[in-house]
Amino acid sequence: MATIITSECINCGACEPECPNTAIYQGGVEWQAPDGAVHPALSNDIFYIVPEKCTECVGFHDHEACAAVCPVDCCVPDPDIPETHEVLLDRARVLHPELTIGDDAPSRFKKDGAAPAEGDGKAAAAPAAAPSAAAAPKATPAAAAKPAAAAPARGRVEKAIAPPPKARPTPSFAGELPVEYDQLVADLGTPRRRLRSRVTLVPLSLLAAGQGFLGALSPAMKQRIDASVSDRRFFDPQLATAANIFLNLVIYPVACVVAAIALRHVSLFTPVPHHWIVLGLAIGVGEAAWRLRESFFGAAPLSEVPLRGALYGPLLWPLGRFVIAALGARGAASSVGFDGFYAGRDHYDEKLERERRYGSVYRLEERDDAYILHVEFPRVLPPSSLADDLGLPREMPDYDYELALRDGTFEVHGRVTDPRVRKLTAVAPAFPSEFTTRVALRQPVQGFRHRYRDKMLEVILPKATAA
């Protein structure tokens, strides 16, 4: 019969990493069938066991591993689902086609050398009572001594776990294109807009000519315009910022002269004193040095510094909104509302890292020829005394992940595989053992190609309409 977890469960998480079939899930976490289908959680409050994946450890152990480590003995056989040794052995073979599980594999049904139980196990119980009364007193102490020696200790139960491999082959999924990621990037080239007619070239040309003014906007607004235009021929945030800095060397002196005339320090019909022009130039140079201070004082490349806006940038915010509305917003990006949480005086859990553990930190760039998706995976473990007890390093181990295209949606399913870290998911706040990120795509795609490195999943999805 299958094993169940009763309501006495204290959510310690000790059972989950012991299961050889990944049949145990944390409460509220969706479970995944062998065919890859994801199903709703069977329990929202405590850990649960999926009957379709439970083999009572037949094929792996001569006992139920979850029951052996449970500190409150809440992993018990389910009387409503009786199953035979043969049924469970066949299920283990189906769940693990990569393994060779023989007929003599470990099984709790033939523990201590007994024959496998037949039917629901009740028939085998009758012959067990047949030995003579003289033999019973001898067998009873031996049978009682065996479980006593193997009784699990109460409290935390751990076993030695081999460190995960440092390198692993890149997985491939259904719908993956037969081309290398770098080659696909080279084939796509830089973003280019598809001009439906020559009429659309006129406003885009005006936009390119007015980059010097748009460069005064904030970095976030320039990034949004860049994503909306999606063609560096017509708008480039770096070029717009540089053009605005040079344009300000004209705007600020003119503004100083106009201010001097308005304040009647200078007559409109008399030569302008040079010190007003010098003041405007000084303001322009000083502002440029402040906007690009990492590059100006630290020699950092312009591509690596924030492209800050000008003093009058907020006044041009309606113009930036108009450009985005006219061209149409593209792509999507997640946001983090606040910095994080303090857990005591020293432990600090960054909000961004919490969102990564839920798969909520991603950025989708939409081009005319493809979508480019970046999903950030968790980088560090959450602060927890259990992590210190288990001797876990601060860095988060790599997740296993699965990718799929379904009905115009791209799905990323990540899962913690390190058994020790899975124990941590049961006690650490905001740390699910699995996450699923679904990103809607407005246009059909041919397929996808992915790359995972440095905790970042990068996916290219060429559009089906691409030439």
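## Lining of the largest pocket

By class, 18 nonpolar, eight polar and 13 charged residues make up the lining of the largest pocket; Ala, Val, Leu, Ile, Met, Phe, Trp, Tyr, Cys and Pro count as nonpolar, Asp, Glu, Lys and Arg as charged, and the others, Gly among them, as polar. The model is predicted: local features need pLDDT of at least 70 and side-chain atom pairs pLDDT 80 or more, while totals for chains, interfaces and linings use all residues. Residues are numbered from 1 along each chain as its sequence is written, and side-chain values use heavy atoms, without hydrogens and water.

The space in this pocket is about 1,000 Å³. Of its 39 lining residues, Gln 223, Asp 226, Ala 227, Arg 363 and Glu 365 are the closest to the centre. A pocket is an open set of points on a 1 Å grid over the protein atoms alone, where a 1.4 Å probe fits, with protein on both sides within 12 Å along at least five of seven lines; lining residues have an atom within 4 Å of a point.

## Contributing elements

Helix α8 gives the most to the lining, eight residues. Elements that each supply at least two include α9 (237-262) and β10 (362-366). Helices are DSSP runs of H or I with at least four residues, and strands are E runs of at least two, numbered from the N terminus.

Val 250 lies in α9. Ala 255, also in α9, is partly exposed because its relative accessible area is 38%, between the limits of 20% for buried and 50% for exposed (1.4 Å probe, protein chains only). Its C-alpha atom is 9.1 Å from that of Ile 277, 22 residues apart along the chain.

Technical notes:
Grid points are joined across faces, edges and corners, and a volume is the space filled by probe spheres set on the points.
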